[in-house]
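Trainee: I'd like a walk through this one. Can we put the sequence and structure up and go through them together?

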Amino acid sequence: MSPRTTARPGVTRESIGEAALAILDESKSESALTMRVLAARLDVQAPSLYAHVSGIDDVITLVHKRINAGIDTTALLGSEDLGDLRTMARSYLNCYRSHPVAATIIASRAINEDYALVIYEPIAGFLERVGVPAPSIMPVMALLDYLVLGSAVEPFSAGFVGTARSYEADYPALGRALLASPRKQIDESGFELGMSALCSTIEQMRSDARA
C-alpha cells in the first residue's frame, strides 16, 4: 500500500501548504514553522505528514508554489508595452509583500521548478520582444527581482524608527530628507522610482538596438 493511501482523510498537499503559509504569516520568524507545529495546525500527528511531504523543505516548496500562483503574468503575453511590465511587477510585489516571512525564505531558494520558471518565461519573452539584447535579459530580470523582493522582504522606511526631527542634530541631511518624505509613502515611492529607472534603461537598450 502506498503512503498516500494510508494518509489521514482531509489532509492534502494543498491543505499543508495553506496551513504552513498561515503559520509563517502569523509569525515573525521562519523558525516558527516546524513539522510538529504544522501537524498541530492540521490536527494530526507529525509522522502522518510524511505521507504527503518529504520534510520541511518540501513544505516550503508548497508555500512557494502557493504564493507564486497569485502572480499575474498575463499582461506580458504578446505585449511590448512597458506599462504591462509595471503591472506584472506590481502583482509580483503584492504577492510577496503579503507574506514577508515566507518571502525571506523563498528569496534564497533556487529557481529550478516549473512553478518558479513559469513566472520568468513570460518576462524573458517580453524583454526579447521589446528589444533588450540577449546578453542583458538575465541581468534585467535580476534587477527586477532585486527591486521586487527587496521591497517585499525589507521595507526601507521600517529601518528609521525615530521621528524625522530626532535625526536632525546628528544627521541633519537625513533628518531633512525624512521630514520632506511622508513615512508611509517612502517604500511605494522608492518602488515606483526603481521601476521608472528600470523601464528607462530598457527604453535606452531598445533605442540602442535600433540605431
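**Walking through the model**

Trainee: Leaving aside neighbours within four places in sequence, which residues is Ser157 in contact with?
Mentor: Arg183, Ile186 and Asp187. Contact here means heavy atoms within 4.5 Å.

Trainee: What kind of model is this?
Mentor: A predicted one, where local features need pLDDT of at least 70, side-chain atom pairs count only at pLDDT 80 or more, and totals for chains, interfaces and linings use all residues. Residues are numbered from 1 along each chain as its sequence is written, and side-chain values use heavy atoms, with hydrogens and water left out.

Trainee: Back to Ser157. Where does Ser157 lie?
Mentor: In the loop between α7 and α8, where α8 is 172-180. Helices are DSSP runs of H or I with at least four residues, strands are runs of E with at least two, and both are numbered from the N terminus.

Trainee: Is Ser157 buried or exposed?
Mentor: Buried, at 12% relative accessibility. The cut-offs are under 20% relative accessible area for buried and over 50% for exposed, with partly exposed in between (1.4 Å probe, protein chains only).

Trainee: And Ser151, where is its place?
Mentor: Ser151 sits in helix α7. Ser151 counts as buried at 17% relative accessibility. Beyond its neighbours within four places, Ser151 is in contact with Leu93, Arg97, Tyr146 and Phe191.

Trainee: New topic. What domains does the chain have?
Mentor: The domain assignment gives domain 1 (1-68) and domain 2 (71-210). Such bounds come from an automatic or database assignment.

Trainee: How far apart are the C-alpha centres of domain 1 and domain 2?
Mentor: 30 Å. Across the two, 15 residues of domain 1 are in contact with 13 residues of domain 2.

Trainee: What does UniProt say about residues 84-178?
Mentor: An unreviewed UniProt entry annotates them as "domain: Tetracycline repressor TetR C-terminal". UniProt positions are given in the numbering used here, feature names are shortened, and annotations may be inferred rather than shown by experiment. Over residues 84-178 the chain is 67% helix and 0% strand. The end C-alpha atoms of that stretch are 32 Å apart.

Trainee: Now the core. How many residues are in the largest nonpolar core?
Mentor: It has 58. A nonpolar core is a set of buried Ala, Val, Leu, Ile, Met, Phe, Trp, Tyr and Cys residues joined through side-chain atoms within 4.5 Å. Those with the most contacts inside this core are Ile16, Leu38, Leu49, Tyr96, Leu127, Met195 and Ile202.

Trainee: Which elements give two or more residues to this core?
Mentor: They are α1, α2, α3, α4 (82-97), α5, α6 (114-129), α7 (134-153) and α9 (183-210). Domain 1 and domain 2 both give residues to this core, so it lies between them.

Trainee: Which residues does a second, separate core include?
Mentor: That core of five residues includes Phe160, Ala164, Tyr167 and Leu178.

Trainee: Pick Leu49. What is Leu49 in contact with, leaving aside neighbours within four places in sequence?
Mentor: Val11, Ile16, Met35, Leu38, Ala39, Leu42 and Val44.

Trainee: Ile16 again! Which residues in α1 are buried?
Mentor: Ser15, Ile16, Gly17, Ala19, Ala20, Leu21, Ile23 and Leu24. What covers them includes α2 (35-41), α3 (56-68) and α5 (100-106).

Trainee: How many residues has α1?
Mentor: Helix α1 (13-26) has 14, and reaches 20 Å from its first C-alpha to its last. That is close to the 20 Å expected at 1.5 Å a residue. The expected span is 1.5 Å times one less than the number of residues.

Trainee: What does Leu82 touch, not counting residues up to four places away in sequence?
Mentor: Phe126, Cys199, Ile202, Glu203 and Arg206. Leu82 is found in helix α4. Leu82 is buried, with a relative accessible area of 10%.

Trainee: Last one. What about the phi of Asp43?
Mentor: Asp43 has a positive phi of about 60° although it is not a glycine. Most residues other than glycine have a negative phi. Asp43 is in the loop between α2 and α3, and is exposed, with a relative accessible area of 55%.
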